[in-house]
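The following note is intended for a colleague who meets this structure for the first time. The points run from the overall fold to individual side chains.

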Amino acid sequence: KLGLLSVSRKQRLEELGVKWDLLSETWEANFELLEAFRRRDGHCDVSQKHVESGFKLGVWLGKQRRRCKLGLLSVSRMQRLEELGVKLAMLSET
């Protein structure tokens, strides 16, 4: 009809594993990989070529820095990255 789901139908779909905000889910999964890297290596200086669990973590972190520089990264995400130890002002190509 208007694209609106009842609360009960939405809840049933979520119980089956439906994700409504895939971009946020993906960002969170990537952030968790960065957290794992930091726990293991003790820092967040991820090289551009680094791959973590099959994911190009270095490329992703470079994109977060570019988004920050362009003003496209949310304040909450900037804070979370900085609290973890990421230096957002770094050039991603170094």
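**Note on the predicted model**

1. Read along the sequence, the protein chain has the pattern α-α-α-α. Its secondary structure comes to 4 helices and 0 strands, where helices (H or I, at least four residues) and strands (E, at least two) are DSSP runs numbered from the N terminus.

2. This is a predicted model, in which local features need pLDDT of at least 70 and side-chain atom pairs count only at pLDDT 80 or more, while totals for chains, interfaces and linings use all residues. Residues are numbered from 1 along each chain as its sequence is written, and side-chain values use heavy atoms, with hydrogens and water left out.

3. On overall dimensions, the protein chain has a radius of gyration of 17 Å, whereas a compact globule of 94 residues would have one near 12 Å. This radius is taken over C-alpha atoms, and the globule rule is 2.2 Å times the number of residues to the power 0.38. Along the principal axes, the C-alpha atoms fill a box of roughly 50 × 30 × 20 Å.

4. The accessible surface of the protein chain comes to about 7,000 Å², and 55% of it belongs to carbon and sulfur atoms; such areas come from the Shrake-Rupley method with a 1.4 Å probe, and for residues only the protein chains shown count as cover. Of the 94 residues, 23% count as buried (buried means under 20% relative accessible area, exposed over 50%, partly exposed in between; 1.4 Å probe, protein chains only).

5. The largest nonpolar core has 15 residues, of which Leu34, Leu57, Trp60, Leu81 and Val86 touch the most other members. Helix 2, helix 3 (57-69) and helix 4 (75-84) are the elements that give two or more residues to this core, and helix 2 supplies the largest share, 5 residues. A core of this kind is a set of buried Ala, Val, Leu, Ile, Met, Phe, Trp, Tyr and Cys residues joined through side-chain atoms within 4.5 Å. In soluble globular proteins, nonpolar side chains tend to be buried together.

6. Not counting residues up to four places away in sequence, Leu34 touches Cys44, Val46, Leu57, Trp60, Leu61, Leu81, Leu84 and Val86 (contact means heavy atoms within 4.5 Å). Asn30 is found in helix 2 and counts as buried because its relative accessibility is 6%.

7. The structure holds 4 salt bridges, a salt bridge being a side-chain nitrogen of Lys or Arg within 4 Å of a carboxyl oxygen of Asp or Glu. Arg40, Asp41 and Glu52 are linked in a network of such bridges. The Arg40 and Asp41 side chains meet at 2.9 Å, N to O, and the closest N and O atoms of Arg40 and Glu52 are 2.7 Å apart. The latter pair joins Arg40 in helix 2 to Glu52 in the loop between helix 2 and helix 3, 12 residues apart. Glu52 is buried, with a relative accessible area of 6%, whereas Arg40 is partly exposed at 49%.

8. Asp45 forms a salt bridge with Lys87, the closest N and O atoms being 3.8 Å apart. Asp45 is partly exposed at 39%, and Lys87 is partly exposed at 47%.
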